[in-house]
There are 2 protein chains.
Amino acid sequence: MTKNSEVLLASRPSGMSDLSNFSIREAKMPAPKEGEVLLKTLYLSVDPYMRGRMRDAPYFVEPFQINQPLSGGIVAEVVESKSPDLKKGDIVQGMLPWSNYSVSATKELQKVDPKLGPVSTALGVLGMPGMTAYFGLLEDGKPKKGETVVVTSAAGAVGSIVGQIAKIQGCRVVGVVGSDEKASFITKEFGFDAAINYKKPNYFEDLKKACPNGVDVFFDNVGGEISDRIFQLINEHARVVVCGQISQYNTDKPDMGPRLLWTILTKTATVKGFMVFDYSDERYNKGVLQMADWIKQGKIKYKENIISGIENAPKAFIGLFKGENIGKQLVKA
Amino acid sequence: MTKNSEVLLASRPSGMSDLSNFSIREAKMPAPKEGEVLLKTLYLSVDPYMRGRMRDAPYFVEPFQINQPLSGGIVAEVVESKSPDLKKGDIVQGMLPWSNYSVSATKELQKVDPKLGPVSTALGVLGMPGMTAYFGLLEDGKPKKGETVVVTSAAGAVGSIVGQIAKIQGCRVVGVVGSDEKASFITKEFGFDAAINYKKPNYFEDLKKACPNGVDVFFDNVGGEISDRIFQLINEHARVVVCGQISQYNTDKPDMGPRLLWTILTKTATVKGFMVFDYSDERYNKGVLQMADWIKQGKIKYKENIISGIENAPKAFIGLFKGENIGKQLVKA
């Protein structure tokens, strides 16, 4: 009999999540009804924003429930279809439960075109993180040739793509990362002009030197003290894209820092919270095609970090907050 | 002989400015050169942003210099012209020194059309504060019918106009002020739907009640704790126009508060620093004409608070930070 493991939220984390917040159980094989398909999970995406759904508090998507499966971006194969829309063997993606098998109405799924790239990229560079980088930088960051773009979490799934798109736009690109290994990787592999390791005591001096003309676009995945510092360097009419705040996800109390509104005023800066879901329309597919084309031309490189086994998804998720991964963290089911 | 008093910056204030930071002296009557005009000051504008120029630090306009005249928005009459562009008796406005008489190249001046309204309004509702309200609200705030707009410093030169323009757009408008007298004034005279006196201990409860559907547009003139609170009420896709931060102008140390980037992210809010100088192009005059039309139709009311005598300009300026004025504070020379 085929095994169907599922990963549940065992308890809500306070601070950093750990393995005790998750549990694994064997579930029955689900059966599709009319209009539905049975799906075999191929890849699970672990993403920092999921930490927000572990809180029992309003968020932009509904909270996870205790003793219920987690869910997230998943690439799956149709193994049985009771819908004319999809056939056995089709590859799809959607927001699906963390389990080996699941059923879904076909309208909740998007077909994945395997010709565009390995199907795992539908969760990375050709999926939500890639499109976050694409729309966040181009639509909200509006980088112009010759400007300086600073990206935090620059070796991550979003940041690494932001930096490369900014290079395509003709910008000077500076990445902020948490290790010398990552710093070396993003300059050598992803073509960043400079990389700053924020764990070094003098990192702010390094950052200032790396941005001799100030910062025109700040693409922020991190928040907290590093972001406070970068705000000190922004130029007049700077654009700040607030895409993630990974330093803040594991804290339950409001964090204090220097007030930013004065800086925003005197620099006539624009600070925008970004959610890729705002681009879930005809623009999305155009973005995917553009990205696939850039990859084909060698202008965009991407890196995937793949852990095997659905039971290791909690470990992969926790690792996100420890800065363990370069590029997109995935779990192969 | 005609008197020409001028107001100088005697010393840089630390914290709130007081009269000791200013001095008055008699100056020689200036003589216009070719291409210049001699101007007699009619009205001086005192504005909160001028506090920023009293610091010896980079700002969006250059700092005032010790023992040099302050300068600011002034409406003046041409008393002698050595330029074909302007003739004796013309009324102009410009950034001019705080003195009874001054000379200026005509290209630094804008002609004031007395048919549009009393010439003093060129410093208020038909000038910089009015156009700040107009462009800040309409271009950055983008209020839509039925939305809730919250304005701080709502009885002031900018806030009182913001609220009325928001009413014209069909919004629910809530003003935050510092006295019951102002609260009553903005609801009765300016047509705000509700007014909150932030000096009352329970003001935040009052504010929540006044915004049952949350806050879609927050037009901020104040900053600090009041703004922190209002951020707690913003809706998804809210727009925050950072127009002034009067609570922060008199402090030299960076002020701490709850970090806002997390809220900006989860609400996908847009926070924009606003400077009216960004609209110093063909849009500006259109704004002035629209405002003059609204005033003629009775849709916009304005209030001026006029102190006489150029030697009283420092007192009028200091009063801005004590919340003494309703509407536009002017000095009649």
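Trainee: How many residue pairs are in polar contact between chain A and chain B?

Mentor: The count is 12 residue pairs, both residues at pLDDT 80 or more. A polar contact is a pair of N or O atoms within 3.5 Å; within protein, one must be able to donate a hydrogen and the other to accept it, and residues adjacent in sequence count only if both atoms are side-chain atoms. Keep in mind that this is a predicted model, where local features need pLDDT of at least 70, side-chain atom pairs need 80 or more, and totals for chains, interfaces and linings use all residues. Side-chain values use heavy atoms, without hydrogens and water, and residues are numbered from 1 along each chain.

Trainee: And how many salt bridges across the interface?

Mentor: The rule finds 4 (a side-chain nitrogen of Lys or Arg within 4 Å of a carboxyl oxygen of Asp or Glu). One of them joins A:Asp228 and B:Arg259, at 2.3 Å from N to O.

Trainee: Switching topic, what area is buried between chain A and chain B?

Mentor: About 3100 Å², with carbon and sulfur atoms giving 66% of it. That is accessible area (1.4 Å probe) lost on putting the two parts together, summed over both.

Trainee: How do the two copies of strand 13 run, parallel or antiparallel?

Mentor: Antiparallel, joined by 3 bridges; DSSP must find at least two for strands to pair. Strands here are DSSP runs (E, at least two residues), numbered from the N terminus. A:Gly257 sits opposite B:Gly257 there.

Technical notes: Chains are lettered from A and ligands numbered from 1 in the order in which they are written. Helices (H or I, at least four residues) and strands (E, at least two) are DSSP runs, numbered from the N terminus.
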